Amino acid sequence: MQDFGLDNYRELTAAQQPTWADAGVLESVRNQLGALPPLVFAGEVDTLRTRLAQAARGEAFLLQGGDCAETFVDATADRIRNRIKTVLQMAVVLMYGSSLPVIKMGRMAGQFAKPRSSDFETREGVTLPAYRGDAVNSYEFTEEARKNDAMRLLQAYNTSSSTLNLIRAFTTGGFADLREVHAWNRGFTDNPANKKYESIAGDIDRAMRFMEACGVDSAELRATEFFVSHEGLLFDYERPLTRIDSRTLFPYVTSSHFIWIGERTRQLDGAHVDFFSRVRNPLGVKLGPTSSVDDVLKLIDKLDPEREPGRLTLISRMGAGKIRDELPKLVEAVRDSGASPLWITDPMHGNGITTANGYKSRRFDDVMDEVQGFFEVHRDLGTHPGGLHVELTGDDVAECLGGSEQIDEATLEQRYESVCDPRLNHMQSLELAFLVAEQLVETARRKIDS
Ligand code: PEP
Ligand code: MN
């Protein structure tokens, strides 16, 4: 068997790894994970790569969304369904507006580990290890809960498995049937974005009935592809779940279709870049406002040396105030280097604020502005704005400020549920989809004009 160097990362610096409470338990958990079945299959991963290649060419659009941090308690049928429903609704808005195929991808079924800016958290004079996601410890602020327990990696696997099972059932078992577009909106409050959605749903309904009358009954309308993704962070989880595929004979991370490397772990000589460069999954890399042209070109060389279509997605997260200044030089240099990665925007992580009443939040207007800036930059350079990466939930929470419901600081006190970053709620997600659809239409119009 070819040596793929999958353990090379052990010689390198691995940022953001927990110190586990019990080394013996860790060893046993790694062995158990190594013997468990894959969660996703190489064939699906390869399909995704071809879809992402389409998006990189401007022939499709990637919609990637879900929690900042999934939790074990929230992996319920209702909550998973609401998130899928929100992504499906956003996708309908985008497809209807732009006539482009939309690749649907959840930050789901594995988004259980978080990088943190500090190893510790202090509250009222008490210092405990930071919460690193349910795969590592528990959010509750007690010594017992914050212990880094490797047994949780098994629970992360099991919860990912049941989440993925439900995703597969929902997206292929009739729920995602385009004839159900109205049903996805049921239960949501009366709001301008919902009304706009209803009107699109009405148009789609008529088109579907027309096609039925013509005798068209395509499987594509009754089911949808839905991919999953998470940040590739914990080696003690990802390494045991990395397998050599018996057909292609290449290594695949089988915990997820798509893996991204975070802003805090993308060091060129670090363990994450080395490890994920050796697997076949399509990869993403987050690029914050301090990313240099040199960093980005070197990341491309390491992660996509063959310049394989669909292999690499660059996820810019600059902040609304910086994107128009910081992004153009990167996009331009990448374009001029001859590489053609997929560029997508994460309008969440550069726009964090802390409210006067102490909540981690984001202003919906900043999110919208960064998305707008992303499209402007790509229009100016003639490159493709290929996708959107957002933190969202299908539930009616109040975590981001603004939007048509005008969520204010006081409302955060009533409906803030995130254990990590603030998410767009269902309505804000739909509103954002309408803005993106408009931008896609404008981009297409400029292409025709030029
Ligand atoms: C995230 O996506 O939740 C995250 C931590 O992002 P970033 O790496 O861009 O900070
Ligand atoms: Mn986040």
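Tutor: One term before we start: donors are N, O and S atoms within 2.8 Å of the metal. Also keep in mind that this is a predicted model.

Student: Okay! Which residues coordinate the manganese ion (ligand 2)?
Tutor: Cys68 (SG), His349 (NE2), Glu391 (OE) and Asp421 (OD) do, at 2.1 to 2.5 Å.

Student: And how are those donor residues spaced in sequence?
Tutor: The pattern is C-x280-H-x41-E-x29-D.

Student: Where do Cys68 and His349 lie?
Tutor: Cys68 is in the loop between strand S1 (61–66) and helix H3 (77–98), and His349 is in the loop between strand S11 (342–345) and strand S12 (352–354), so the pair ties together parts that are 281 residues apart in sequence.

Student: Switching topic, where does ligand 1 sit?
Tutor: Ligand 1 is in the largest pocket.

Student: Which residues come nearest to ligand 1?
Tutor: Of the 13 residues around ligand 1, those are Arg107, Lys114, Glu263, Lys286 and Arg317. By class, the shell has eight charged, three nonpolar and two polar residues.

Student: What about polar contacts?
Tutor: Oxygen atoms of ligand 1 are involved: a polar side-chain atom of Arg107 is 2.9 Å from one, and a side-chain N or O atom of Arg317 is 2.6 Å from one. For His349, a side-chain N or O atom lies 3.0 Å from an oxygen atom of ligand 1.

Student: How much of ligand 1 does the protein cover?
Tutor: The protein covers 97% of the 300 Å² of accessible area that ligand 1 has on its own.

Key
Residues are numbered from 1 along each chain as its sequence is written. Chains are lettered from A and ligands numbered from 1 in the order in which they are written. This is a predicted model: local features need pLDDT of at least 70, side-chain atom pairs count only at pLDDT 80 or more; totals for chains, interfaces and linings use all residues. Side-chain values use heavy atoms; hydrogens and water are left out. A residue is near a molecule or strand if one of its heavy atoms lies within 4 Å of it. A polar contact is a pair of N or O atoms within 3.5 Å; within protein, one must be able to donate a hydrogen and the other to accept it, and residues adjacent in sequence count only if both atoms are side-chain atoms. Accessible areas come from the Shrake-Rupley method with a 1.4 Å probe; for residues, only the protein chains shown count as cover. On a 1 Å grid over the protein atoms alone, a cavity is a set of points where a 1.4 Å probe fits but cannot get out, and a pocket is an open set with protein on both sides within 12 Å along at least five of seven lines; lining residues have an atom within 4 Å of a point. A molecule sits in a cavity or pocket if more than half of its atoms lie within 2 Å of its grid points. Ala, Val, Leu, Ile, Met, Phe, Trp, Tyr, Cys and Pro count as nonpolar, Asp, Glu, Lys and Arg as charged, and the others, Gly among them, as polar. Donors are N, O and S atoms within 2.8 Å of the metal (3.2 Å for Na, K and Ca); water is not among the atoms, so sites may look incomplete. Helices (H or I, at least four residues) and strands (E, at least two) are DSSP runs, numbered from the N terminus.
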